[in-house]
Amino acid sequence: MSEPIRTCVGCRTRRAQESLLRVMRMGHGALAPAPQGSVGRSAYLCPSRACLDKAVKRGGLHRAFARVGRVTVDGPSLWSAFHESISAQRALYERSSRDPRQHPRYRQLLAFDDAFVSATLASGREA
């Protein structure tokens, strides 16, 4: 069985779903990282600050959630929320397993975290 493919709303690149960050609309219209295992309308982003900036500038996030109502997009806050969410998930794996590196999801979280650090260093912004 092949893995699901999704399109980044920023750069429009098609990638494996597990390699993208998932965004959901909260009840009050703000966007936030989707919790693991949550269901509902969502959009996907590459783990890149440039993709998030493109999605905000070009309206990709607004289009993705047009059917469910108005959304509030705050790029820097969403970027920070992603970083905090990934850090919390990593910590959970590290506390609950003898060797978290054996879990594929943990390895993916490490890759996401590396992308956040690289983007932060490249842009000179806070993560």
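So, strand β3, residues 21-25, is joined to β4 by three bridges, and the two run antiparallel. Before I go on, this is a predicted model, where local features need pLDDT of at least 70, side-chain atom pairs count only at pLDDT 80 or more, and totals for chains, interfaces and linings use all residues. Residues are numbered from 1 along each chain as its sequence is written, and side-chain values use heavy atoms, with hydrogens and water left out.

A word on terms. Helices (H or I, at least four residues) and strands (E, at least two) are DSSP runs, numbered from the N terminus. Two strands count as paired if DSSP finds at least two bridges between them.

Which residue of β4 is the bridge partner of V23? That is P33, while R25 has L31 as its bridge partner in β4. Five residues lie between the strands of this hairpin, and among them G29 takes a positive phi near 100°.

On to β5. Four bridges join β3 to β5, again running antiparallel, and here R22 stands opposite Y44. Put together, we have an open sheet of three strands in the order β4-β3-β5, with antiparallel pairing. Its edge strands are β4 (31-33) and β5 (42-45), each of which pairs on one side only. From one strand to the next, the twist averages 35°.

How enclosed are these strands? By buried I mean under 20% relative accessible area, by exposed over 50%, and by partly exposed anything in between, using a 1.4 Å probe and protein chains only. Four of the five residues of β3 are buried, so β3 is largely enclosed by the rest of the structure. As a reminder, in a regular strand the side chains alternate between the two faces of the sheet. β5 is covered on both faces, with S42 and Y44 buried on one side and A43 and L45 buried on the other.

What lies across the sheet? Helix α3, residues 75-96, lies across β3, β4 and β5, and runs at about 25° to β4. For that angle, axes are lines fitted to C-alpha atoms, for helices over the stretch in contact, and angles run from 0 to 180 degrees between N-to-C directions. Contact here means heavy atoms within 4.5 Å.

At 1.5 Å a residue, its 22 residues should span 32 Å, and the end C-alpha atoms are 32 Å apart, which agrees. The expected span is 1.5 Å times one less than the number of residues.

Now the sides of α3. Its buried residues are G75, L78, W79, F82, H83, I86, Q89 and R90. They cover an arc of only 140° around the axis, so they sit on the same side of α3. That arc is taken from the directions from the helix axis to the C-beta atoms. On the other side of α3, E84, R95 and S96 are exposed.

V117 and H83 are 34 residues apart along the chain, and their C-alpha atoms are separated by 9.3 Å. With 42% relative accessibility, V117 counts as partly exposed.

Next, helix α1, residues 49-58. Which of its residues are buried? They are R49, C51, L52 and A55. Seen down the axis of α1, these fall within an arc of 165°, so they line one face of the helix. The face turned away from that buried side carries the exposed residues K57 and R58. At the start of α1, a side-chain oxygen of S48 reaches to within 3.2 Å of the backbone nitrogen of A50. Just after α1, G59 takes a positive phi of about 80°.

In helix α2 (residues 60-64) we find A64, which is buried, with a relative accessible area of 15%. Leaving aside neighbours within four places in sequence, A64 is in contact with V9, R41 and A43.

Last stop: the loop between β1 (5-7) and β2 (14-16), where R12 is found. R12 has a positive phi of about 65° although it is not a glycine. Is R12 buried or exposed? R12 is exposed, with a relative accessible area of 57%.

Key
A polar contact is a pair of N or O atoms within 3.5 Å; within protein, one must be able to donate a hydrogen and the other to accept it, and residues adjacent in sequence count only if both atoms are side-chain atoms.
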